[in-house]
Amino acid sequence: MSSPVPPRWMGVAAADGSDSAEAARRAVTEATAGRDATLVMLFVGPDLDVGAAAGAARATLPEHTRLVGCTTAGELTHEAAGSLGLVAVALGGEGLTVTTSVGMIADGARAAGQVAASALDDVDAPHRALLMLVDGTAGGRSEMVRGAYGATGASVPLVGGCAADGFVMRTTYQIIDDKVVTGAVVGIALGSPAPISVGVGHGWTRLGEPVVVTESDGQRIHKLNDQPALDYYLTAVGVPTEGPELFARLQATGLNHPLGLTRPGGEEIRAVLAIDPEERSLVCGDVPQGTLVSMMAGDVGTILDGTRSAARAAVDGLGGATPIGLLAFDCAARRAVLGEAALADERGALADVAPGVPVGGFYTAGEIARTKGSRGVHNATLVLLALA
């Protein structure tokens with residue numbers, strides 16, 4: 001009689017300090033806890049040396065353990081959230097398979113997504129998912145997702161996050177095994193005999209009816225309902241359109257009023273990243289001309305509702321199986337709206353839905369989640385990957 005299959009497991013640990021290599025060693029050692037990890041993900045805060053952290057993590061792990069990661073706008077676990085230094089997430093156990101691939105965005109966004117998705121070619125398992133860690137400063141994210149979708153097909157969920165460098169958004173880094181790169185899409189293919197599920201939630205609600213993006217180059221919205229986009233937006237959210245304090249007003253307004261793109265099943269959120277007061281345009285990546293958009297509103301309470309919604313969807317998607325962990329891609333914009341004081345409330349909201357379940361992840365410059373259709377680019381949203 002064969003022995004029972006050992007359960008799969010997920011370990012999470014955070015570490016900080018002036019020595020980036022030592023912090024990485026401590027976090028990886030605590031996350032693996034003497035177990036043989038199939039995959040370790042390293043999420044490195046902007047104040048640490050990503051190269052030193054990645055090198056130390058690689059040297060700490062067996063050669064067969066895959067190492068991936070990226071830089072962040074903050075890190076989170078089930079025990080703490082904010083600027084933690086770095087977080088290590090380790091996965092292992094019988095039946096869990098992992099392969100990786102990296103595509104370079106300089107070769108074309110869609111091609112980079114296709115190359116990242118090629119990691120799935122060698123994964124044969126009842127349940128599969130593709131994780132994507134993307135350079136957060138790059139445009140063309142929808143093309144990356146389309147490229148990955150074209151390679152994986154409709155049956156494999158896509159999930160992931162965009163690397164950040166705090167809130168500077170100048171240069172971000174991605175880790176794949178012994179290399180630190182930039183301008184990349186890292187693909188991590190997961191295969192498991194047990195269910196894998198994705199949950200998405202944001203907590204934003206509509207202000208009025210949707211309007212049409214009547215002029216856009218995809219990254220910059222020039223007109224909404226044939227009116228200058230900046231003026232239409234500010235009027236819709238109740239902010240004066242002129243004056244010396246326009247930039248300060250927009251910084252607060254844009255944070256609490258993203259745009260919602262009308263999609264089957266709900267809105268796909270886009271943050272208002274910047275404005276051009278001369279062109280009267282809005283900078284919002286991945287908003288094509290002809291899209292229906294709504295001005296959105298939210299506060300701490302609704303954001304926490306979005307957290308619970310994402311957690312319930314992720315856990316329910318396991319079909320009754322017990323989750324071993326939740327991998328979290330939480331937008332830096334949600335962190336800013338919550339404020340440091342309410343980050344504990346978000347951890348509590350996750351624990352309400354999945355008590356005792358390890359959580360590990362980072363605050364992103366954009367999120368990826370595709371379970372239906374070829375789209376799946378998000379901002380100001382929480383994306384969770386649940387594993388059983």
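1. **Strand β21 and its partners.** In this predicted model, L259 stands opposite M295 in β21. The strand behind that pairing is β17 (residues 259–263), joined to β21 by three bridges and running antiparallel to it. Strand β14 (residues 205–216) also pairs with β21 in the antiparallel sense, over five bridges. There, V211 faces V293 of β21.

2. **Burial of β21.** Why is strand β21 largely enclosed by the rest of the structure? Five of the six residues in β21 (residues 292–297) are buried, so the strand is largely enclosed.

3. **Open sheet.** Six strands form an open sheet in the order β1-β6-β2-β3-β10-β11, with mixed pairing. β1 (9–15) and β11 (179–181) are at the edges; each has a single partner strand, so one side of each lacks a neighbour in the sheet. Neighbouring strands here are turned by 15 degrees against each other on average, direction ignored.

4. β1 runs antiparallel to strand β6 (residues 86–92), and seven bridges join the two. W9 has G92 in β6 as its bridge partner. Helix α1 (residues 20–32) lies across β1, β2 (37–44) and β6, at about 150 degrees to β1.

5. **Nonpolar cores.** The largest nonpolar core has 57 residues; L130, V185 and L384 touch the most other members. Helix α8 (residues 332–353) gives the most to this core, with seven residues. Another core, of 32 residues, lies apart from it, with M10, V159, V198 and L327 among them.

6. **V185 up close.** Leaving aside neighbours within four places in sequence, V185 is in contact with residues including S101, V102, I105, A112, M132 and M144.

Note on methods. Residues are numbered from 1 along each chain as its sequence is written. This is a predicted model: local features need pLDDT of at least 70, side-chain atom pairs count only at pLDDT 80 or more; totals for chains, interfaces and linings use all residues. Side-chain values use heavy atoms; hydrogens and water are left out. Buried means under 20% relative accessible area, exposed over 50%, partly exposed in between (1.4 Å probe, protein chains only). Helices (H or I, at least four residues) and strands (E, at least two) are DSSP runs, numbered from the N terminus. Two strands pair if DSSP finds at least two bridges between them. A nonpolar core is a set of buried Ala, Val, Leu, Ile, Met, Phe, Trp, Tyr and Cys residues joined through side-chain atoms within 4.5 Å. Contact means heavy atoms within 4.5 Å. Axes are lines fitted to C-alpha atoms, for helices over the stretch in contact, and angles run from 0 to 180 degrees between N-to-C directions.
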